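Here are some friendly notes to read alongside the model. Keep the 3D view open and find each residue as you go.

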Amino acid sequence: MSTQPVELTNVLPLLASRPTYLMCPPRLYDVDYVINPWMAGNVHASSRERAAAQWQNLYEAISEIAEVELIDPQPGSPDMVFTANAGLERNGIVALSSFFHAERQGEERYFRRWFEDAGYRVLEIPRSTPFEGEGDALFSSDGSRLWAGHGPRTAAASHNKLSRTWGVEVVSLHLIDPRFYHLDTCFAPLANGYILYYPDAFDATSIAAIEAFYPASKRIVVAEADALRFACNAVNIGDTILLNTISRELSAQLQSKGFRVVQIELSEFLKAGGAAKCLVMHLGPL
């Protein structure tokens, strides 16, 4: 795949014919601070050149099967590249993230402006109940419920506002392993009712809720080695799954369920605690 830089364009009308995602080029990406275990020991250890090439490969792979909108990176916000954390969108409403860590709170105004300019209604989440967007909130593939993580970065109290906003059942899942600080690092609802998840990231009550909803035949359990490659941090578009490099065993299992597996090396972003899903935010039609 080409690694030529992407030229940003003005916000374009979102097309309903294909799913749409928001991405941010990594021109200003770096590990500037430590706000999760993955960043420890990696401050300024990422190669911006390699990160740009890896991001470009993901961008091009997604662009083959979906629309991609772009937001400009901003000085002082090196984590803007992880657009999944910007908010959660449904039915033209975006619940804007209220970041737990001060290091990321500066991003909020840039994302708010982008969503408003694009025509979305922006819902503010109080600072007293931190919420980190799609990083900690993922709809089931049929849209019948919203799985919402809480623990290191998102407060469980924020889930009530999400339920009231969309009138959807919200199921809270408690994250207990600091390495999996966002729900999307260990849990991925997939097409056709499948779930890809790492059970050890959750407490017993959360596991019971997951297994009550997903029958055993639909559960794809990820082993620790693949979980640490952020296998669950996957972008699922139809029958295609885009994700970081994973084991042959997990790839074969996903293929046996009817998925086309696209592996893209994202090692530079793992240094900051992110991979494929962290780099995209799903947008619905207005």
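1. Let us start with a term: a salt bridge is a side-chain nitrogen of Lys or Arg within 4 Å of a carboxyl oxygen of Asp or Glu. Lys 271 and Glu 268 form one, with their closest N and O atoms 3.1 Å apart. Both of these residues are buried, where buried means under 20% relative accessible area, exposed over 50%, and partly exposed in between (1.4 Å probe, protein chains only).

2. A word on the source: this is a predicted model, in which local features need pLDDT of at least 70 and side-chain atom pairs count only at pLDDT 80 or more, while totals for chains, interfaces and linings use all residues. Residues are numbered from 1 along each chain as its sequence is written, and side-chain values use heavy atoms, leaving out hydrogens and water.

3. Which residue does Glu 268 of helix α8 tie to helix α1? Glu 268 also forms a salt bridge with Arg 50, again with the closest N and O atoms 3.1 Å apart. Glu 268 lies in α8 (residues 267–270) and Arg 50 in α1, so the pair ties together parts that are 218 residues apart in sequence. Helices (H or I, at least four residues) and strands (E, at least two) are DSSP runs, numbered from the N terminus. Shared partners join Arg 50, Glu 268 and Lys 271 into one network.

4. Now look at the rings. The structure holds 16 aromatic pairs; rings of Phe, Tyr and Trp (its six-membered ring) pair if their centres lie within 6.5 Å, and planes under 30 degrees apart count as stacked, over 60 as edge-to-face and the rest as tilted. Tyr 29 and Phe 82 have ring centres 6.0 Å apart and planes at 90°, so this pair is edge-to-face. The two residues are 53 residues apart, and their pair links distant parts of the chain. Tyr 29 is buried at 2% relative accessible area, and Phe 82 is buried at 4%.
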